[in-house]
Amino acid sequence: MCQLLGMNCNVPTDICFSFEGFRRRGGETDHHADGWGIGFFEGAGCRLFLDWQSSCSSPIADLVRQYPIKSTNVISHIRKATVGQVSLANTHPFMRELWGRYWLFAHNGDLKSLPALRGNRFQPVGDTDSEHAFCWLMETLATAFPTQPDMPTLTQFLKLRMGELAERGTLNCLLSNGTVLIAHCATNLHYLVRQAPFGDAHLVDRDISIDFDALTGEHDRVAVIATQPLTDNEAWIRMQPGELLVFEDGQPRRI
């Protein structure tokens with residue numbers, strides 16, 4: 001299956017360290033070599049980088065690693081194709097607009113059946129179950145709410161809809177509108193929160209360490225979400241099957 005990486009922070013932060021380990025899983029330390037992508041929210045805008053090549057050897061991944069883009073919400077994905085061909089159109093994360101905001105979505109797992117799309121506004125470009133599911137989520141939101149609801153209403157609604165999708169197969173996914181990052185776990189999803197007092201972190205997939213205390217402020221808070229832990233000397237928390245967490249300002253909240 002694929003692997004997911006997400007970051008949610010209270011101040012704009014770069015993801016270079018985590019991404020350096022994560023990208024190695026796309027064909028070097030693991031077999032997820034069928035494309036990759038990463039999206040960064042910056043205010044109302046969103047930078048999206050996609051490549052059908054493996055992330056361990058992609059020149060675009062080299063650019064992302066060397067370019068410290070700062071963001072409060074990031075979603076990345078490395079793909080092991082199960083549904084749909086290896087192509088640029090099938091790489092995650094997928095992006096759509098709703099209520100005047102961009103939304104990003106990435107999925108790990110297989111959905112054995114898919115709910116029907118009843119409108120024309122949100123249509124998949126590729127042929128993955130993941131993009132179809134994202135379009136369905138956006139369609140249900142747009143149908144239920146002409147304008148963006150308050151956050152408790154929105155997250156409760158998404159919990160129900162993601163629960164419906166989870167009944168059709170395996171739904172590990174990350175969803176963000178640039179304000180919050182929502183994580184739904186079916187099998188494997190882990191997270192940690194970095195905040196003062198910061199310490200050293202050492203990557204699992206490459207022999208690199210970093211001292212976050214030298215790079216962060218005392219009020220900084222960063223949540224990192226990944227399919228499997230990216231470091232081997234930090235206390236990652238494993239999410240439970242069926243659990244949905246909303247990350248805002250680097251803090252997780254259970255729904």
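Predicted model: local features only at pLDDT ≥ 70, side-chain atom pairs only at ≥ 80, totals over all residues.
Local features need pLDDT of at least 70 and side-chain atom pairs count only at pLDDT 80 or more, while totals for chains, interfaces and linings use all residues. Residues are numbered from 1 along each chain as its sequence is written, and side-chain values use heavy atoms, with hydrogens and water left out.

Twelve salt bridges turn up in the structure, each being a side-chain nitrogen of Lys or Arg within 4 Å of a carboxyl oxygen of Asp or Glu. One of them pairs Asp62 with Arg23 at 2.9 Å, N to O. Asp62 sits in helix α2 (residues 59–66) and Arg23 in helix α1 (residues 16–24), so this contact ties together parts 39 residues apart in sequence. Helices here are DSSP runs of H or I, at least four residues, and strands are runs of E, at least two, numbered from the N terminus. Arg23 is buried at 1% relative accessible area, whereas Asp62 is partly exposed at 28%; buried means under 20%, exposed over 50%, and partly exposed in between (1.4 Å probe, protein chains only).

Glu234 and Arg194 make another salt bridge, at 2.8 Å, N to O. Here the loop between β12 (221–226) and β13 (237–238) supplies Glu234, and strand β9 (residues 190–195) supplies Arg194, 40 residues apart. Glu234 comes out partly exposed at 21%, and Arg194 buried at 8%.

Then there's Glu243 with Arg254, whose closest N and O atoms are 2.6 Å apart. Glu243 is in the loop between β13 and β14 (244–248), and Arg254 is in strand β15 (residues 251–254), eleven residues apart. Glu243 is buried at 10%, but Arg254 is exposed at 58%.
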